[in-house]
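I opened this notebook to record what I looked up in the structure, one topic at a time.

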Amino acid sequence: MINIVLFGPPGAGKGTQAERLVKKYNLFHLSTGDVFRYNIKNETELGKLAKSFMDKGQLVPDEVTIKLLISEVEKHPEAEGFIFDGFPRTQPQAKALDEILSEKGTSIGMMLALDVEEEELRQRLLKRAEVSGRADDADPKVIQNRIDVYKNETAPVKEFYKAQNKYIQIDGIGSIDQITDRLFAEIDAVIR
Ligand code: ADP
C-alpha cells in the first residue's frame, strides 16, 4: 500500500497520468478539481462556492478544500492507497493531509512532481479547452492566474515533501507513454 501525491502545475498532465497509475497499482484516484467540478455540475452549495473561485483561476479556500478532502478519504475505507491529484496545493493542506493519514495509520510515500515549462503549459491548456469545455482553460487571463497561483502558493509545497525526503521530480515533457514509464520506474523503486 502506498499513497502518492501527484504534483505539478495546471496542464502538467496529472489527471492523464493518474488514470494510468491507478490501473497499475490499484490505487484510488482523488482529484479535488474533479470533485469540485462534479459539485458544480450538480449545482450543490459547495459547487456554487467552488465555481466562484475556479472561474477566476483562484484557489478554493483551504477550510473548504480540506473538509472536502477529509470526507472523500473517509468515503473510501476500502482503498489500498490513494493518488492525490491537485491536493495539497498549500502548506496548510499538506499538513492536514499528513494528519488525516496518520490518524489512519498511514502516510504519504512519495510526491511525484511533473516538471513542465510555462509556455508549454499555456499551449496545452488552450488546446485542452477545445475538448474539456472548462471555462478556466479557455481564457488566457485565467490560465495565467492559475500559473501564477501555482508559482506563488503551490510550488512551495515541494519543500514540505523535500524535508521528508519524499520529493521526486519527473520530466513532464515527452509522449504520454514515456512520462508514464518514468513514473512507473520511480514508484517501482520505492515499493520494491
Ligand atoms: P488544473 O491542475 O488543470 O488546474 P484542477 O482540476 O486540479 O486543474 O483544478 C481546477 C481548479 O479547482 C483550481 O484552479 C482551483 O480553483 C480548484 N482546486 C482544485 N484543487 C484545489 C485545492 N487543493 N485547493 C484549492 N483549490 C483547488
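I take helices (H or I, at least four residues) and strands (E, at least two) as DSSP runs, numbered from the N terminus. The model is a predicted one, where local features need pLDDT of at least 70, side-chain atom pairs count only at pLDDT 80 or more, and totals for chains, interfaces and linings use all residues. Residues are numbered from 1 along each chain as its sequence is written, and side-chain values use heavy atoms, with hydrogens and water left out.

Entry: backbone.
I looked up Glu-43 and found it in the loop between helix H2 (32–41) and helix H3 (45–54), with a positive phi of about 50 degrees although Glu-43 is not a glycine. Glu-43 is exposed at a relative accessible area of 62%; here I call a residue buried under 20% relative accessible area, exposed over 50% and partly exposed in between (1.4 Å probe, protein chains only). Asn-165, in the loop between helix H9 (157–162) and strand E5 (167–171), also has a positive phi, near 60 degrees, and is exposed with a relative accessible area of 74%. I noted these because most residues other than glycine have a negative phi, and most peptide bonds are trans. A cis peptide bond, with omega about 0 degrees, joins Phe-87 and Pro-88, and Pro-88 lies in the loop between E3 and H5.

Entry: aromatic rings.
My search of the whole structure found five aromatic pairs, where rings of Phe, Tyr and Trp (its six-membered ring) pair if their centres lie within 6.5 Å, and planes under 30 degrees apart count as stacked, over 60 as edge-to-face and the rest as tilted. One of them is the tilted pair of Phe-7 and Tyr-150, at 5.9 Å centre to centre and 50 degrees between the planes. Phe-7 belongs to strand E1 (residues 3–7) and Tyr-150 to helix H8 (residues 140–154), so this pair ties together parts that are 143 residues apart in sequence. Phe-7 is buried at 4%, and Tyr-150 is buried at 11% relative accessibility.
For Phe-28 and Phe-82 I find ring centres 5.8 Å apart and planes at 75 degrees, so I record the pair as edge-to-face. Phe-28 is in strand E2 (residues 28–31) and Phe-82 in strand E3 (residues 82–85), so parts 54 residues apart in sequence are tied together.

Entry: helix packing.
The axes of helix H4 (residues 62–74) and helix H5 (residues 91–103) come within 10 Å and cross at roughly 25 degrees; axes are lines fitted to C-alpha atoms, for helices over the stretch in contact, and angles run from 0 to 180 degrees between N-to-C directions. H4 is therefore roughly parallel to H5 (under 35 degrees; over 145 is roughly antiparallel, 65 to 115 roughly perpendicular and the rest oblique).

Entry: Leu-27.
Which residues does Leu-27 touch, not counting residues up to four places away in sequence? With contact meaning heavy atoms within 4.5 Å, Leu-27 touches Ile-2, Ile-4, Val-22, Gly-81, Phe-82 and Ile-83. Leu-27 lies in the loop between helix H1 (14–25) and E2 and counts as buried at 11% relative accessibility.
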